[in-house]
Amino acid sequence: MKTRHFFTILCCAILTGLQAQQLPNFTIYRDQWNVINPAALSNNYIINEMNYTVGGSYRRNWLNVQDAPQTQILNFEMVWEDRSSVFGAHVINDKTGKLGQTGFYGNYAYILDMGGRTDRALVIGLGAGLVQYGAKLSEIDFPDLSNRPSIDDNLLFPDFSLGAFFYEEDRYYLGVSIPQVFGLDTRFTAENGRYDVKRLPHVYGVGGYYFDSFLGNSTSFLEVSSWLRYVPNAPLSIDVNGRLQISELYWAGIGLGGAIGQQKSMSVRAETGFVFGEQVRIENGQFKLGIAYDQPLISPLGRYFGGAFEVHLLYSWWK
């Protein structure tokens, strides 16, 4: 009953202008670069120089709660053969209970070669898309039932993002991006009321470094990365992860994520995955399977709602 009561309050708060992080979170965020930052290049290119990647992912939060937040993504990335441009596209469906959004995006980025003896570049990118917001207002248990809408509502909005990304091949990367640049307000209307969702610009920062592995083989390495998320009037969120490529076939990682501010939280993240390429006679490409789980450590909701589960499947290749 407590979880259902809180979930009802959460839906009502969102509809009346709650200011918080509004975009999906990811554990294996390194495989969602073009969703997070329209200028970012995937590690499939930075490490393996595979200039085509297509993939899908599924994430479910609050495993103990029915109708909990869940996200599905399909994405595509192509680095132009002369390494001057990056083209990308993704479809994202994000749903929390009776509220949801589906977005269709296209990304373009220009690569400024700053190399010399190494493959080093600054990438500037722009993302644009359309987002459909839906609210099943008639199914939400509003505290005042007399104000409960009798109809549902759907809205279509444009959306834009900006980003910059700097990298050196096989060594490090840094990026900054602003999703929901214009922060247009989403307004749902019904016969007996108006319900506003204030869309806020987000600021993302990412960074990572590749260390030579201590395992003594040429295919292993250690990647340390971080993802920082800022939204006005919301706690600052930071993820820090370490991923060890143990062999050409297998990798595993662990990390911490949390929010800093009046509403502190912390969770531990574990991830693992497999890479299938030449071992299964796939030439000029590879499949990557990743699985992750988040377990809250410090959270007012964690013991009621539970952790989060995430799975990714990608295929990368080069021409």
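# Exercises on a predicted model

At 3% relative accessibility, Q180 counts as buried (buried means under 20% relative accessible area, exposed over 50%, and partly exposed in between, with a 1.4 Å probe and protein chains only). The model is predicted, so local features need pLDDT of at least 70 and side-chain atom pairs count only at pLDDT 80 or more, while totals for chains, interfaces and linings use all residues. Residues are numbered from 1 along each chain as its sequence is written, and side-chain values use heavy atoms, with hydrogens and water left out.

## Exercise 1: Confidence

Find where in the protein chain the confidence is lowest and where it is highest.

Solution.
- Step 1. Start from the average: the protein chain has a mean pLDDT of 85 (the predictor's confidence in each residue, from 0 to 100), and 82% of the residues score at least 70.
- Step 2. Go through the elements (helices are DSSP runs of H or I with at least four residues, strands are runs of E with at least two, both numbered from the N terminus). Helix α1 (residues 2–15) has the lowest confidence, with a mean of 49, and strand β7 (residues 172–178) the highest, at 97.
- Step 3. Look at residues 15–19, where pLDDT stays under 50. The model has 17 contacts for this stretch beyond four places in sequence (contact means heavy atoms within 4.5 Å).

## Exercise 2: Positive phi

Which loops hold D170 and Q180, and what is phi in D170 and in Q180?

Solution.
- Step 1. Recall the background: most residues other than glycine have a negative phi.
- Step 2. Take D170, in the loop between β6 (153–168) and β7. Its phi is positive, near 65°, and D170 is partly exposed at 37% relative accessibility.
- Step 3. Take Q180, in the loop between β7 and β8 (185–190). Phi is about 50° there, again positive in a residue that is not a glycine.

## Exercise 3: Core and rings

Name the residues that touch the most other members of the largest nonpolar core, then list the contacts of I36.

Solution.
- Step 1. Apply the core rule: buried Ala, Val, Leu, Ile, Met, Phe, Trp, Tyr and Cys residues joined through side-chain atoms within 4.5 Å. The largest such core has 32 residues, and I36, L41, V123, F165 and Y167 touch the most other members.
- Step 2. Leave out residues up to four places away in sequence; I36 then touches F26, Y29, S177, P179, Y204, V206 and W227.
- Step 3. Turn to the rings, which pair if the centres of Phe, Tyr and Trp rings (for Trp the six-membered ring) lie within 6.5 Å; planes under 30 degrees apart count as stacked, over 60 as edge-to-face and the rest as tilted. The structure holds 21 aromatic pairs. One of them joins Y52 and W317, stacked at 5.2 Å centre to centre with 10° between the planes. This pair links strand β1 (Y52) with strand β16, residues 308–317 (W317), 265 residues apart. Both Y52 and W317 are buried.
- Step 4. Find the cluster: F26, Y29, W33, F165, Y173, Y204, Y210, F221 and W227 form one aromatic cluster.

## Exercise 4: Salt bridges

Trace the salt bridges of K288 and D294, and say which parts of the chain each pair ties together.

Solution.
- Step 1. Use the rule that a side-chain nitrogen of Lys or Arg lies within 4 Å of a carboxyl oxygen of Asp or Glu. The count comes to 13 salt bridges.
- Step 2. K288 bridges to D31, with the closest N and O atoms 3.6 Å apart. K288 lies in strand β15 (residues 285–298) and D31 in the loop between α1 and α2 (33–36), so this pair ties together parts 257 residues apart in sequence. K288 is buried at 8%, and D31 is buried at 10%.
- Step 3. R59 and D294 meet at 3.2 Å, N to O. R59 is in strand β1 (residues 52–60) and D294 in strand β15, so the pair ties together parts 235 residues apart in sequence.
- Step 4. D294 also meets R269, at 3.3 Å, N to O. R269 is in strand β14 (residues 265–276) and D294 in strand β15, so here the parts tied together are 25 residues apart in sequence.
- Step 5. Join the bridges that share partners: R59, R229, D239, R269, D294 and E310 form one network. Among its members, R59 is buried at 3%, D294 at 4% and R269 at 4%.
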